[in-house]
Amino acid sequence: MSRVMNFNAGPAALPLPALERAREEFLDFAKSGMSVMEHSHRGKEYEAVHDEAIALLRELLGVPDAYEVLFVQGGASQLFAQIPMNLVEKGQSADYVVTGAWSEKALSEAKVAAAMLGGGVKVACSTGTGEGKEKSYVRCPLPAEVKVDPAAAYLHVTSNETIHGVEFEVDPARPFPQAGAVPLVADMSSDFLWRKLDVSRFGLIYAGAQKNIGPSGVVVVVVRKELVARGRKDIPKIFQLRTPAENRSLYNTPPTFGIYMIRNVLAWLKGLGGLGAMEARNRAKASRLYQVIDAHPGTYRCPVERESRSVMNVVFRLPTEADEERFVKEAKAKGMVGLKGHRSVGGIRASTYNAVEPAWLDALAGFMADFAKRG
Ligand code: PMP
């Protein structure tokens, strides 16, 4: 077996011990004579896995009792619509901070969902410059740039823009905006569980699992109970956040295998020392790359402002697209894959999620220095 160094943006690398555990348990889970996928979601074998995944999430992230931890389907994209459907009242609007392509998507879905229910959305701040193909996002805003309407249903931020490599609060100079009494809602799809976080600063956090914590098919929602209770009741039950909240995320059949894999990944994360250890490891990984980029300005250029440079997705350009193509090809020949930037922006992107091994970063940084030297 030969596994590659996987820098994919998502679905992304999973920790080898979590995969090996799945392989061991695949045909005969907990001596039950069947795979976990073949168990009823109402049976004690699966329920133990389900409860363990939630308990590990609570423990690792230090989730306060006043918050629910939910599993939802439909991807983070479904939450783009589901959050305003739950939280925007008639005549009310929600505020959005736009720092890249994913916040643009969240905003445009919210516009449709809120309008359907007699509400609206507003842009509290956008850091985008230029138009159309030239549009670019290179930073998170300073707190003073975010104009929050005190009557807003919530303030939405994308804590890490996966395509643009722009992340909140990796530098103290670019903290998450203060929203006062307005609940802060964060899409943490590409930077969930890589660092310690004070959950009580947020009203709702959501994250698709397929980058840092498992396979695709599951979205984790951490939400203040009071917001769940306040949620609208005139929307279909399947979209109300109270439905998974009241049913331990077992209202209908959940993606059992995905949740099982999350359990395996979180057990691995706990074994490594939890979020404090993971943050130190991740910061060291990303800074390996930013150092090489900055040391070779003739070859590499990171478009993102220093204070907003993502620890999860390191994006950079080479002088020409032909250079970038050669870079990706040569890296692949050395066993490093997934380095091509998102098709909408081009360039190179190295995703350095939790499961990406420090040794892979050493290999990539070494290759980059050598590539720059060769010219
Ligand atoms: N938000 C962010 C920040 C993302 O990176 C992605 C996926 N790349 C999404 C939302 C959409 O997630 P999904 O494909 O699970 O709907």
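This report walks through the domains, the nonpolar cores and the ligand site of the structure above.

The model is predicted, so local features need pLDDT of at least 70 and side-chain atom pairs count only at pLDDT 80 or more, while totals for chains, interfaces and linings use all residues. Residues are numbered from 1 along each chain as its sequence is written, and side-chain values use heavy atoms, leaving out hydrogens and water.

Let's start with the domains. The assignment gives domain 1 (22-270) and domain 2 (274-374), with bounds from an automatic or database domain assignment. Their C-alpha centres lie 27 Å apart. Domain 1 brings 29 residues to the contact and domain 2 brings 26 residues, where contact means heavy atoms within 4.5 Å.

Next come the cores. A nonpolar core is a set of buried (under 20% relative accessible area, 1.4 Å probe, protein chains only) Ala, Val, Leu, Ile, Met, Phe, Trp, Tyr and Cys residues joined through side-chain atoms within 4.5 Å. The largest one has 94 residues, and F7, F192, V222, Y300, F327 and L364 touch the most other members. At least three residues of this core come from each of domain 1 and domain 2. Another core, apart from it, has 29 residues, including L70, L79, V98 and V228.

Finally, the ligand. The table lists polar contacts, that is, pairs of N or O atoms within 3.5 Å.

| Residue | Protein atom | Ligand atom | Distance |
|---|---|---|---|
| A76 | polar backbone atom | oxygen | 3.1 Å |
| Q210 | polar side-chain atom | oxygen | 3.0 Å |
| K211 | polar side-chain atom | nitrogen | 2.9 Å |

Terms used
Buried means under 20% relative accessible area, exposed over 50%, partly exposed in between (1.4 Å probe, protein chains only). A polar contact is a pair of N or O atoms within 3.5 Å; within protein, one must be able to donate a hydrogen and the other to accept it, and residues adjacent in sequence count only if both atoms are side-chain atoms.
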